[in-house]
Amino acid sequence: GQVRIRAGLPIYECNSRCRCGAECPNRVVQRGIRYDLCIFRTADGRGWGVRTLQRIRKNSFVMEYVGEIITSEEAERRGQVYDRQGATYLFDLDYVEDVYTVDAAHYGNISHFVNHSCDPNLQVYNVFIENLDQRLPRIALFATRPIRAGEELTFDYNMHVDPVDAESTRMDSNFGLVGGGLGGSPRARARIECKCGAASCRKYLF
């Protein structure tokens, strides 16, 4: 149940066409969240956050980034609204091309509240289960290291995945949570200051 490939490579899980059962070790993301997590109010102005109530092993699946799947054109329109509100929950699905976006603003799960960090403990992977349309991966968050009980969960909203082979070269450099619009949008956006507090902080989210 632990991921053994480097970030940037896709994960293919068993599905309804497989003969294996629900306990197959290649059925992980589809089982959903297995840890006790809680939402809390941060004390440093970052709004709400998510922490784990249990120890999480390195490379373990933690949660899926869930939301409404919309077109990139609709994401651009909503992004302009979210810019004015000062928050966004748009996540580009740009594994092969920038066609769809996940918007967790109105529909989603606890991943809606996970904060950014420049030194995160979660890594994003593209996952395919019942659907093999490479424009529509599921977005799974795995632990990059052991995570202590009580520790806040974070991922890099503006991550850059280095290609490790021919398969992952299709990963877009702007893969990640987008800053109020599309990551590759040509329109200018105001820079958002980062408050993650990591020693390696880039000072700005976008």
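Buried means under 20% relative accessible area, exposed means over 50%, and partly exposed lies in between (1.4 Å probe, protein chains only). The structure is a predicted model, in which local features need pLDDT of at least 70, side-chain atom pairs count only at pLDDT 80 or more, and totals for chains, interfaces and linings use all residues. Residues are numbered from 1 along each chain as its sequence is written, and side-chain values use heavy atoms, with hydrogens and water left out.

The protein chain contains 1 helix and 11 strands. Helices (H or I, at least four residues) and strands (E, at least two) are DSSP runs numbered from the N terminus. Their order along the sequence is β-β-β-β-β-α-β-β-β-β-β-β. The chain has 206 residues, of which 47% count as buried. Contact means heavy atoms within 4.5 Å. Among contacts with a separation of 6 or more, 69% join residues 24 or more positions apart.

Arg 78 belongs to helix 1 (residues 72-85). Arg 78 counts as buried because its relative accessibility is 13%. Its side chain makes a polar contact with the side chain of Glu 74, at 2.8 Å. A polar contact is a pair of N or O atoms within 3.5 Å; within protein, one must be able to donate a hydrogen and the other to accept it, and residues adjacent in sequence count only if both atoms are side-chain atoms. Beyond its neighbours within four places in sequence, Arg 78 is in contact with Glu 68, Ile 70 and Asp 103.

Two residues with positive phi follow. Asn 59 is not a glycine, yet its phi is positive, at about 70°. Asn 59 sits in the loop between strand 3 (48-52) and strand 4 (61-65). With 24% relative accessibility, Asn 59 counts as partly exposed. Lys 203, also a residue other than glycine, has a positive phi near 80°. Lys 203 is in the segment after strand 11 (154-155). Its relative accessibility is 54%, so Lys 203 counts as exposed.
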